[in-house]
Amino acid sequence: MKKCSKCVMPDTAETLTFDKNGVCSVCNQIEQKKNIDWDKRAVDLDNLIKKYKDKKNKYDCIVPFSGGKDSTFALWYLVTQKKINPLVVRFDHNFLRPTILENTSKVLSKLKVDFIDFKPNFKVIRKTMLESLKRRGDFCWHCHVGITALPINTALEKKIELIFYGEPSSEYSSFYDYTKPEELNEEKFNRSINLGINAEDMFEMIKSSSPNEEFSIEDLKPYFFPSSYDLKKNKIFASYLGNYIPWDVKKQVEIIKKELDWKGDRVEGIPPEYDYEKIECMMQGSRDYIKFLKRGFGRTTHLASIDIRNDRLKRDNAEELVNLYDGKRPKSLDLLLKILKINEKEFYEILKKQVVYPNEMISYEEFQSKKSNFSPKDIQGWFEKFK
Amino acid sequence: MYKRIIASLLLDKKKLVKGINFKNHKIVGFPRTYCKSLGSQMIDEIFICDLNSYNDSRIIPDYKTLSEVSSSTMTPLTFGGGLNTLDRIKLSFNSGSDKVYLSSILHTNISLVEQTAKIYGSQSIVAGINVEKIKGKIKILEDKEKNFFNWLNEIENSGVGEIKINFVDREGTSNGFDIIDCKEILKKTNLPIIFEGGLGSLDQIKDAFDSGIDSVGLGRMISFEDNNIFKIKQFLKNYNYEIR
Amino acid sequence: MKISILDYGACNLSSVYNSFKNLGIDAKIINSAKEIIDSEKLIIPGVGAAKNSIEFLRSQNLFYAILELIEKEKPILGICLGLQMFSEKLYEDGISKGFSLLNADVVRFNNNKKITHVGWNKIKITEKYKNFFQLENNSSFYFCHSYFLKFHEESNLIIASTDFKLNFPSIVIKNNFMGVQFHPEKSQANGLKIIEKFINWKP
């Protein structure tokens, strides 16, 4: 596995290309950011907001919300700095942690916004988790798809044309880059979000895996993404705040901690000082560990690389952190196995088939023994929940 | 020109399936949405073979699904499976395919190629040959007596636009191509050739391109693994191949 | 703004129709002279033999309807054969006479053996039109043709060109006529950019 000569991302990271100096495309994208005329983009943002401000509709836009740092900052910025009246929409993937729920309460009441929350039933989610783990080595299909489909479908239903996400994917991957403002549309959904699986596909997959179970396509309704035709005809435009203001994670986290009393949390597999990243989901540690098994790197590599690109961390310090935190089996994996009703060996065999060249699967012994000692505060509660 | 990454899909009673050595098929997805997603990931072409009409030519090919797929993605489409008459071929074009895939019928009625080429042009015809290795020799699945290289020559002269070689004994195994065989086949014809059967990982695609192969068909890799076409192409771009 | 697509027996109408649908447009499929003349924007798709198609257009009075639409200065998008028929002479199966809007003829790539340019290839866009389609130079498109447009002399109507055996025009614009040699309806995101431009085009 070769690594970027600047950050510490390896070539197994999806979509990375490397230039002749061995610098990865995401590092170059962050450099591109410096050449953007942000003053012009600020004007574009005001024009965009003005264009969609509709006296008829109570809401100026939809803000998809998880309670995490990005959606919280986006919401804060739009409400307090741009005086927007948004409809806040959350897809509850069933693994929202206590801290994030508290943060959400605080944020919603401080910003005084309307909030729609949808929590699909877990019976279906369990099926999709197992199916997507087996087929793509990623059990989070319902979340990737749900958090994207829900705001878009709500927009269509309530005739709210503008949707503002927060962080553009160019910040961490190269499906797109900073040369053009990013848009959430059918292409992006199918290229980089849904694992190549639409609701209609998942339906066929589950039906074939559980032929004797009662299961209808209605059960997957929250996961249907509308057609390009419906989106264009209804003038739905889903954009990213990060197209119009330079995204700066550390600065933004400081703001939401100060202005909204947003609190961080400790996440499995990353150093405690990164208390702001991916704190929403109980299964985050397992998700990152699976990525480590497949691709040979975990979330610490990702976070350290972001810091390197923003001149906040030196490369050798980054490598130290990576060695310390990446690749340790998290406690939440036991929870995952319990939920999916599979054992260690079955899990190992499933992931073995998903390894990405040139990474190689760790040995079964290493998988069983190299464990993390960290136990998240809330994990017992989750074990109780899924008894 | 560009190297081509082609999705090779099998249609079975209106659903997409994939197996090993053309057996034990598992559901892969729903044609319309699956192909839409491939197009968004920048697949170069999509090949769909109707297994039902392929295995029993009395069954009418699934033009309806072809038509739905053609409407769902702005990507070049090739359709095959039981296209054994000019009428069926016409219906395939009218239902939205850009090319037709002829395989079994070539053994009994190779004149169909000329008839088709006259109306649609030779570039609209892809000839398929199913092969397996028996005692170190390349054999045609449907006719083990025929000499493979003679058959290759005959097909090339019939007026088809390109040829697709399916390594049936390697299909779904992730064992990669037999590069020596591929090189030998490439030497013996001037037409564009698509190779398929056995590709299971990124390095195997690399090996294929390094050996002079220009077009590969992917089946297993895009069915049961996290191998997004866009990601595959980004990986290959790091090795300086001409990739779209 | 009504977009019309001409049905004159050329295959793959539904692909063209659906590519407009992706942009929220319900195009109308037409096949009569009157509908052509009444069009606000017209697309002429094209897959097939030049001689048969042009003969068909003449026999149905569609040829003159299209000439009239050119006079009316309504935007027209010609795809592949739909571009080529706007030339003077088409040398396929003898000689057919085109709309003569472009000072060019349509000839084969190679005289000895029929060579078809099929597959994805790049277009080089002229500097002046760099931002016209919001496309990067060397964007790829899907081509499928054995004949190409050969201008009598260097022409500033050529907005983009492509290399295959030689350099030939891939995008041509003259007043209210836009012609593309490739198939935008088969060229994914890049193709959609061409279609989007045509929808918003005010020549």
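In which sense do S1(A) and strand S2 (residues 86-91) of chain A pair? In this predicted model, the two strands run parallel, and four bridges link them. One of the pairings sets Pro64(A) against Val89(A), its bridge partner in S2(A). Between the two strands comes helix H3 (residues 69-81) of chain A, and together S1(A), H3(A) and S2(A) build a right-handed β-α-β unit.

Elsewhere in chain A, helix H12 (residues 299-309) is mostly covered, with 10 of its 11 residues buried. The buried set includes Leu303(A), Ala304(A), Ile306(A) and Ile308(A), but also Arg299(A), His302(A) and Arg309(A). What do the buried residues of H12(A) pack against? Their neighbours are four helices of chain A, namely H1 (25-34), H10 (249-260), H11 (284-295) and H13 (315-325). After H12(A) comes Asp311(A), which has a positive phi, near 55 degrees.

Chain C is next. Its secondary structure amounts to six helices and 13 strands. The radius of gyration of chain C is 16 Å, close to the 17 Å that the globule rule gives for 203 residues, so chain C is as compact as a globular protein of that length. Its C-alpha trace spans about 40 × 40 × 30 Å along the principal axes, and 49% of the 203 residues in chain C are buried.

How are the strands of chain C put together? Nine of them form an open sheet with mixed pairing, in the order S2-S1-S3-S4-S13-S12-S11-S8-S9. Strand S2 (28-30) and S9 of chain C sit at the edges with a single partner strand each, so one side of each has no neighbour in the sheet. On average, and ignoring direction, neighbouring strands of this sheet are turned by 30 degrees against each other. Helix H6(C) packs on the sheet, where it touches strand S1 (3-6), strand S4 (76-79), S9 and strand S13 (177-180) of chain C. The direction of H6(C) makes about 90 degrees with that of S9(C).

On one flank, S4(C) runs parallel to S13(C), joined by four bridges, with Ile79(C) opposite Val180(C). On the other, strand S12 (residues 166-174) of chain C runs antiparallel to S13(C), also over four bridges, and here Val172(C) stands opposite Gly179(C). S12(C) and S13(C) form a hairpin with two residues between them, and Asn175(C) in the turn has a positive phi of about 55 degrees. Both faces of S13(C) are covered. Phe177(C) and Gly179(C) lie on one side, Met178(C) and Val180(C) on the other, and all of them are buried. Further along the sheet, S8(C) and strand S11 (residues 158-164) of chain C are antiparallel and share two bridges; Ala160(C) in S11(C) is the bridge partner of Ile125(C).

That leaves the contacts between chains. How many residues of chain A are in contact with chain B? The count is 30 residues of chain A, against 23 residues of chain B. Helices H5 (122-136), H7 (186-193) and H8 (199-209) of chain A each give two or more residues to this side, and H8(A) has the largest share, with five. By class, the side of chain A that touches chain B has eight nonpolar, 10 polar and 12 charged residues.

Chain B also meets chain C, with 21 residues of chain C in contact with 18 of chain B. On the chain C side, the elements giving two or more residues are helix H1 (13-21), strand S8 (117-125), strand S9 (139-145) and helix H6 (188-200). The residues on that side of chain C divide into six nonpolar, 13 polar and two charged.

Technical notes
Residues are numbered from 1 along each chain as its sequence is written. Chains are lettered from A and ligands numbered from 1 in the order in which they are written. This is a predicted model: local features need pLDDT of at least 70, side-chain atom pairs count only at pLDDT 80 or more; totals for chains, interfaces and linings use all residues. Two residues are in contact if their C-beta atoms, placed from the backbone, lie within 7 Å. Ala, Val, Leu, Ile, Met, Phe, Trp, Tyr, Cys and Pro count as nonpolar, Asp, Glu, Lys and Arg as charged, and the others, Gly among them, as polar. Two strands pair if DSSP finds at least two bridges between them. A crossover is right-handed if, with the strands pointing away from the viewer, the path from the first strand over the helix to the second runs clockwise. A residue is buried if 20 or more other C-beta atoms lie within 10 Å of its own, exposed if 12 or fewer, and partly exposed in between; C-beta atoms are placed from the backbone. The radius of gyration is taken over C-alpha atoms; the globule rule is 2.2 Å times the number of residues to the power 0.38. Axes are lines fitted to C-alpha atoms, for helices over the stretch in contact, and angles run from 0 to 180 degrees between N-to-C directions.
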